[in-house]
Every structure is written in structure tokens, then in C-alpha cells.
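Hi,

Here is the structure I promised to pass on.

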Amino acid sequence: MCSGRVDLEFVLRAFSNGMDGVIIGGCRLNECNYITHGNYHALTMALLCKRILEHIGLNPERLRIEFMSSAEGNRFAEVMGEFGSEVTGLGPLGKGKGEGIDPKELKSKLAETTKLVPYIKMVKNEKLASRLTNPEEYDKLFTKDEIDKLFSEVISFYIDPEKCQACMTCAKRCPVEAIISAKNQVHVIEQEKCIKCGTCFEVCPPKFGAVTKISGGPVPPPLPEDKRTIVRKGKEKKES
Ligand code: SF4
Ligand code: SF4
């Protein structure tokens with residue numbers, strides 16, 4: 001219904017499914033019937049996605065956004081024809097001029113990037129909400145260096161087994177159930193499931209401060225399951 005609903009994930013999914021090009025059609029800017037002006041959101045999302053495609057090694061011209069009214073049938077036909085020819089000229093996805101990415105590598109890069117969509121949207125939230133009124137601003141909104149940095153400094157969260165007191169707060173608040181939680185057991189983040197929202201980092205009580213933020217570096221391996229039981233000091237004394 002609204003181009004503002006076209007999520008970054010949808011576009012990446014289309015490319016993951018082997019599409020050679022993606023075109024997003026939206027109503028003319030400033031002609032939205034609602035106060036939301038979702039087409040401005042679609043625009044910033046498309047600009048971000050173009051930079052991401054570039055980062056992956058794909059030609060950003062494979063993605064286009066066009067604004068037109070429903071009365072402009074001729075223009076729609078023209079744009080589609082033009083884009084179709086352009087995409088044909090670019091060649092199959094990953095095999096175009098300057099691309100040359102192995103299909104397996106491309107699939108894994110697209111899958112990795114798709115997993116990071118919630119994180120990317122959270123980090124770039126402010127810019128994604130911009131209302132760009134001057135086309136000259138389009139290229140400047142997201143820079144290549146900025147996006148390269150975004151990927152090289154991706155944040156991960158890790159629970160320090162020495163500090164975790166199994167209070168379970170983080171597990172209750174994690175929106176994607178990415179924390180392995182059990183009574184009296186050191187909690188562990190399942191990195192594959194984590195969407196890097198930072199909630200666990202914020203809610204872990206300061207007196208424990210068990211969740212750490214890692215920028216860009218590797219995450220330490222999780223504690224083996226048979227070593228996760230927390231032995232409380234009092235109990236330790238009783239037992240000895
Ligand atoms: S960063 Fe968010 S998604 Fe990841 S483990 Fe913490 S609360 Fe869950
Ligand atoms: S909130 Fe902190 S102390 Fe509590 S279970 Fe999570 S990591 Fe451990």
C-alpha cells in the first residue's frame with residue numbers, strides 16, 4: 001500500500017532470491033495522502049540500501065526508487081522499460097562489471113547483512129527519518145566510508161561468566177529469546193539469534209554489570225554447558 005512499508009530486509013531478500021534488479025515505486029514526494037509521508041522513508045531506506053549493496057560488492061544501480069502518480073501510466077511504462085534494459089546491461093547478479101562475486105560468497109554476504117538489518121536500522125535511525133527535499137542531498141546522506149565503518153565496527157554483546165549472577169532480567173527482556181537462561185546458571189547469549197538491540201546491556205543490574213559490548217572484535221566462546229552452574233559463596237562454605 002505504501003512505499004514506506006518496503007523494508008530494507010525485503011530488498012535484500014529479493015536479491016538473496018536471485019533478482020538482478022529491484023525497483024521501488026512510490027507516490028510523488030509531498031503528495032502523500034497521509035501525514036506519515038512514507039515515501040520519504042522509502043527514499044532514505046533505498047539510499048542506505050544502495051550503499052550496502054556497494055559494500056557487499058554489488059552495483060548500487062541494481063536498486064532504483066522512482067516516484068510517480070497513479071495517473072502516470074506512460075511514465076511508469078517508460079521507467080520500467082528503461083530499468084529493465086539497464087538491469088539486463090548490468091548482467092546477472094554478482095557477475096556484472098566490477099562485481100565478480102562467487103555466488104556462494106554473495107549468498108552468505110547477503111544472509112549476513114540481512115541478519116544485521118534490525119541493528120543497521122537502529123544505528124541509522126536518525127538519518128533514516130530524514131526528509132530529504134533536495135536531490136543534491138541524496139548522495140551525501142550515507143557515505144561509503146560510513147557504511148564500511150558500520151560493518152567493521154558491528155557491536156556484539158557478551159555475558160561475562162565471572163560476573164553473571166543469573167538474575168534472569170536480561171533473558172526476560174530480550175525481544176528475540178536469544179539468551180540461554182536457567183536458574184542458577186550463567187546466562188549465555190546465542191550470537192546467531194541476537195539482533196544486537198542492546199537491551200541486555202541496559203537492563204543488567206549495575207551491581208553485576210555482566211553484559212559487555214564488543215565493537216568489531218570477536219566474541220569469546222560461550223562457557224561449556226557443564227560449567228554454567230553458579231556456586232554461591234555461602235553454599236560453598238556449607239558444603240566444605
Ligand atoms: S542484544 Fe538484544 S537481542 Fe541480543 S541478547 Fe541482548 S537483548 Fe537479546
Ligand atoms: S541481567 Fe546480568 S546478571 Fe542477570 S542474568 Fe543477565 S547477565 Fe546475568
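Is C204 buried or exposed? Keep in mind that this is a predicted model. C204 is buried, because its relative accessible area is 14%, and buried means under 20%.

Ligand 2 is surrounded by 14 residues, and C204 is listed among the closest, along with C164, C167, M168 and C170. C164 counts as buried too, since its relative accessibility is 8%. If you sort the shell around ligand 2 by type, you get eleven nonpolar residues, three polar ones and no charged ones.

Now for the other ligand. Around ligand 1 there are 13 residues, and the closest are C174, C194, C197, G198 and C200. That shell splits into ten nonpolar, two polar and one charged.

As a reminder, a disulfide is a covalent bond between the sulfur atoms of two cysteines.

Next, two residues with a backbone angle worth checking on your screen:

- A166 has a positive phi of about 55°, although A166 is not a glycine. You'll find A166 in the loop between strand 3 (155-159) and helix 9 (169-173). A166 is buried, at a relative accessible area of 10%.
- N184 isn't a glycine either, and its phi is positive, near 60°. N184 belongs to the loop between strand 4 (179-180) and strand 5 (188-189). With a relative accessibility of 28%, N184 counts as partly exposed.

Strand 2 is mostly covered, with five of its five residues buried. Which way do they point? L63, I65 and F67 point one way from strand 2, while R64 and E66 point the other way, and all are buried.

Strand 1 (residues 22-26) runs parallel to strand 2, and five bridges join them. To see the pairing for yourself, find G25, which stands opposite E66 in strand 2.

Technical notes: Residues are numbered from 1 along each chain as its sequence is written. Chains are lettered from A and ligands numbered from 1 in the order in which they are written. This is a predicted model: local features need pLDDT of at least 70, side-chain atom pairs count only at pLDDT 80 or more; totals for chains, interfaces and linings use all residues. Side-chain values use heavy atoms; hydrogens and water are left out. A residue is near a molecule or strand if one of its heavy atoms lies within 4 Å of it. Ala, Val, Leu, Ile, Met, Phe, Trp, Tyr, Cys and Pro count as nonpolar, Asp, Glu, Lys and Arg as charged, and the others, Gly among them, as polar. Helices (H or I, at least four residues) and strands (E, at least two) are DSSP runs, numbered from the N terminus. Buried means under 20% relative accessible area, exposed over 50%, partly exposed in between (1.4 Å probe, protein chains only). Two strands pair if DSSP finds at least two bridges between them.
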